[in-house]
Amino acid sequence: MAEKVAVEARAVSKAFGAGADLVRALDEVSLAIYENEFFTLLGPSGCGKTTLLRLIAGFELPSEGEILLDGQPISDLPPYKRPVNTVFQSYALFPHMTVAQNIAFGLEMQGMPAPQIAGRVEEMVRLVKLAGMAGRKPAQLSGGQQQRVALARALANHPKVLLLDEPLSALDLKLRQEMRSELKNLQRTTGITFVFVTHDQEEALTMSDRIAVMSRGKIQQLGSPLDIYERPVNHFVADFIGDTNFVEATIAGPEGPFVHCRIAEGLDLLALPTARSAEGAKATLALRPEKILLTQTGQKPGAAQGTIVQTIYVGTDTNYEIRLGENIRLNVRVQNAVDGRAQFAIGDRVGIEVPAGAARMLLD
């Protein structure tokens with residue numbers, strides 16, 4: 001059975017200003033977000049992700065195209081009539097109200113009877129793990145606790161869609177990591193469609209069911225975290241998501257499901273194709289640092305060799321910069337030994353292996 005679409009954008013464009021000052025924030029964006037999905041809009045500042053979120057919320061209207069909710073156009077509905085709630089980066093809690101009062105505020109505005117409000121507030125406090133704190137005011141809470149109050153308030157009226165505009169960016173690293181897990185658990189528990197906006201690739205990869213990577217008002221790639229990371233379709237996506245080596249190669253010809261590519265003397269590899277290219281043509285390959293294998297020289301006869309010119313210790317791993325010949329540099333990530341020591345040092349000669357399919361041929 002086909003998944004039910006919760007939110008749909010059909011050829012949506014949004015422009016600000018006019019004449020020479022016109023800025024096209026969104027350029028004919030089309031996508032479908034499914035019910036009970038954790039969907040992330042990911043990209044750098046100015047890519048259009050927050051503009052799209054504001055269009056769904058009703059804070060902006062599209063210049064062209066339309067937004068649909070449950071298959072119905074909603075452009076004519078003001079924000080307060082849309083079954084959508086938004087959690088902002090700033091939390092926007094009422095400082096003079098307690099946790100319980102903040103959560104209850106929207107329900108009171110809807111005219112819900114007091115006994116139902118009390119029950120719903122208790123449910124939300126328990127859901128976001130703030131038991132015993134209902135009587136506190138925001139100034140008495142940590143940043144993570146304030147974020148939970150904002151989430152509880154937004155979830156209290158059971159919206160069809162919850163929009164989250166970079167809600168974790170004000171938190172420190174440890175708290176952000178904890179809140180990622182809690183957000184995903186909340187989404188699974190409530191069954192509400194989450195649309196999450198972030199510029200943080202790690203947030204997107206760890207929480208999302210699907211990700212739309214955006215740049216300059218367009219969706220560059222839409223897919224699962226695995227697809228986005230392992231099979232980037234172009235240079236922008238490969239560069240924005242994780243660390244990547246971009247390597248110029250010459251195509252030697254097809255080999256089964258792969259393309260045989262030559263990078264340097266002694267270093268040939270089998271890359272995943274995104275398009276067919278003729279023998280002898282040039283291509284750009286994306287190669288993740290953790291996909292490259294380093295061995296002691298002579299361990300595998302005929303393997304390409306390089307020289308380590310830099311090492312960076314990062315705890316679990318060491319990042320190596322390897323020089324091949326005069327013009328090629330590869331960044332390689334290797335897990336450290338049990339005692340934490342790096343396996344190689346600056347100046348070491350190492351063998352280099354790239355498993356079949358580890359590199360990805362890019363379209364641009």
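This is a predicted model: local features need pLDDT of at least 70, side-chain atom pairs count only at pLDDT 80 or more; totals for chains, interfaces and linings use all residues.
Student: Is strand β14 largely enclosed or exposed?

Tutor: Strand β14 covers residues 282–287. Buried means under 20% relative accessible area. Five of the six residues of β14 are buried, so the strand is largely enclosed by the rest of the structure.

Student: Which residue stands opposite A283 of β14?

Tutor: Strand β11, residues 245–255, runs antiparallel to β14, and six bridges join the two. Within this pairing, the residue that stands opposite A283 is A249.

Student: Which residue in β20 is the bridge partner of L287?

Tutor: Strand β14 is also joined to β20, residues 359–361, by three bridges, and these strands run antiparallel. In β20, the bridge partner of L287 is A359.

Student: How many disulfides does a search of the whole structure find?

Tutor: A disulfide requires a pair of cysteine sulfur atoms within 2.5 Å. C47 is buried, with a relative accessible area of 1%, and C261 is buried as well, at 0%. For the whole structure, the number of disulfides found is zero.

Student: Which element supplies the largest share of the lining of the largest pocket?

Tutor: The largest pocket has a volume of about 650 Å³. Of its 27 lining residues, the closest to the centre are V84, N85, T86, G106 and N157. At least two lining residues come from each of β6 (84–87), α2 (99–109) and α4 (143–155). The largest share, five residues, comes from α2.

Student: How many residues of that lining are nonpolar?

Tutor: The lining of the largest pocket includes two charged residues and six polar ones. The number of nonpolar residues is 19.

Key. Residues are numbered from 1 along each chain as its sequence is written. Side-chain values use heavy atoms; hydrogens and water are left out. Buried means under 20% relative accessible area, exposed over 50%, partly exposed in between (1.4 Å probe, protein chains only). Helices (H or I, at least four residues) and strands (E, at least two) are DSSP runs, numbered from the N terminus. Two strands pair if DSSP finds at least two bridges between them. On a 1 Å grid over the protein atoms alone, a cavity is a set of points where a 1.4 Å probe fits but cannot get out, and a pocket is an open set with protein on both sides within 12 Å along at least five of seven lines; lining residues have an atom within 4 Å of a point. Grid points are joined across faces, edges and corners, and a volume is the space filled by probe spheres set on the points. Ala, Val, Leu, Ile, Met, Phe, Trp, Tyr, Cys and Pro count as nonpolar, Asp, Glu, Lys and Arg as charged, and the others, Gly among them, as polar.
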